[in-house]
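This report describes a single protein model. The sequence and coordinates are shown below, followed by a reading of selected features.

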Amino acid sequence: MAPTPPETPSVAPRPEGRVAGLLLAAGGGRRLGGRPKALLDLGGRPLVEHAARALRDGGCTPVHIVLGAAAATVRERAALSAFRVSENPDWAQGMGSSLRVGLAALNASEADAVVVSLVDQPGIGAAAVARLLAAYAAGADLAAASYAGRRGHPVLFGAGRWADIAAAAEGDRGARTYLRDHAGELTLVECSDVAEPYDIDTPEDLPRLAPGAGPTDGRGGTVRGHGE
């Protein structure tokens with residue numbers, strides 16, 4: 001009689017915690033001729049609104065937004081009253097400085113983890129965010145959306161990692177150095193069936209903001225991704 005194979009240990013669900021959202025929306029759009037990305041138009045509203053709602057609708061609470069370039073104008077034009085807003089006076093130094101500002105703001109919250117997303121990726125909506133929250137509930141405290149097996153955004157960090165992530169966040173690398181150094185602890189969450197990870201970086205990318213070009217909230221979407 002063949003020996004009975006050992007049972008695969010089950011992962012105990014994590015006690016329900018509070019997962020915040022953090023939207024990095026400070027960029028000045030240098031390659032877009034100095035048009036701040038937060039103010040790009042998507043469906044008649046500033047792009048920052050859609051990105052913040054994706055975090056909220058995916059299950060994050062509260063949602064923090066870090067503004068930088070044209071922050072006063074963004075506050076004036078965008079409906080952000082449902083979200084917590086911080087400003088990064090050093091936004092021109094790169095994404096790392098905005099990540100540090102956002103994590104510092106979160107330190108005063110009661111969040112156990114955070115999902116971080118970027119304002120210039122309108123093809124990533126609530127469905128991808130929800131998958132990261134599900135990974136956290138299953139026990140992951142370091143996770144990232146993946147597209148055909150390749151790491152992308154959004155990413156999830158347990159609160160115990162925030163100090164080290166902030167310390168490693170420099171220039172435009174954001175959390176990439178930390179993620180590289182902790183690759184063995186990272187849970188990849190495939191999202192290519194519900195999101196597309198393209199960036200709006202140059203004028204050639206602007207047609208992707210046209211109506212029907214991609215998902216903005218992830219609810220009921222049928223978008224298929226193609227990887228980064």
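Leaving aside its neighbours within four places in sequence, which residues is Glu 190 in contact with?

## Surroundings of Glu 190

The model is a predicted one. In it, Glu 190 is in contact with Arg 131, Ser 146, Tyr 147, Ala 148 and Gly 149, once neighbours within four places in sequence are set aside. Glu 190 itself belongs to strand 9, which covers residues 187-190.

Between Glu 190 and Arg 131 the separation is 59 residues in sequence, whereas their C-alpha atoms lie 8.5 Å apart in space. Glu 190 has a relative accessible area of 32%, which is over the 20% limit for buried residues and under the 50% limit for exposed ones, so it counts as partly exposed.

## Overall architecture and confidence

The protein has 228 residues, of which 50% count as buried. Its secondary structure consists of six helices and nine strands. Of the contacts between residues at least 6 apart in sequence, 72% join residues at least 24 apart. The accessible surface amounts to about 11,000 Å², and carbon and sulfur atoms account for 50% of that area.

The average pLDDT is 87, with 85% of the residues scoring at least 70. Residues 1-11 have a pLDDT below 50, and this stretch makes one contact in the model beyond near neighbours in sequence. For residues 216-228 the pLDDT is likewise below 50, but here the model shows 31 contacts beyond near neighbours in sequence.

## Nonpolar cores

The largest nonpolar core comprises 45 residues, and those with the most contacts inside it are Leu 23, Val 48, Ile 65 and Val 115. Two or more residues each are supplied by strand 1 (19-25), helix 1 (47-57), strand 4 (63-67), helix 2 (71-77), strand 6 (113-118), helix 4 (126-137) and strand 7 (142-147). Helix 4 provides the largest share, seven residues. Another core lies apart from this one and has 23 residues, including Leu 99, Ala 111, Val 116 and Leu 142.

The contacts of Leu 23 can be listed in detail. Not counting residues up to four places away in sequence, Leu 23 touches Val 48, Ala 51, Ala 52, Leu 55, His 64, Ile 65, Val 66, Ser 117, Leu 118 and Val 119.

Helix 1 is mostly covered, with eight of its eleven residues buried. These are Leu 47, Val 48, Glu 49, His 50, Ala 51, Ala 52, Ala 54 and Leu 55. After helix 1 comes Gly 59, which has a positive phi near 115 degrees.

## Cysteines

Cys 60 has a relative accessible area of 3% and is therefore buried, since the limit is 20%. Cys 191 is also buried, because its relative accessible area is 0%. With a disulfide taken as a pair of cysteine sulfur atoms within 2.5 Å, the count comes to zero disulfides.

Terms used: Residues numbered from 1 in each chain as written. Predicted model: local features only at pLDDT ≥ 70, side-chain atom pairs only at ≥ 80, totals over all residues. Heavy atoms only, no water. Core = buried A, V, L, I, M, F, W, Y, C linked by side-chain atoms within 4.5 Å. Buried < 20%, exposed > 50% of the residue type's maximum accessible area, 1.4 Å probe, protein only. Helix = DSSP H or I, 4+ residues; strand = E, 2+ residues; numbered from the N terminus. Contact = heavy atoms within 4.5 Å. Areas by Shrake-Rupley, 256 points an atom, 1.4 Å probe, with all protein chains shown as cover. pLDDT = per-residue confidence, 0-100.
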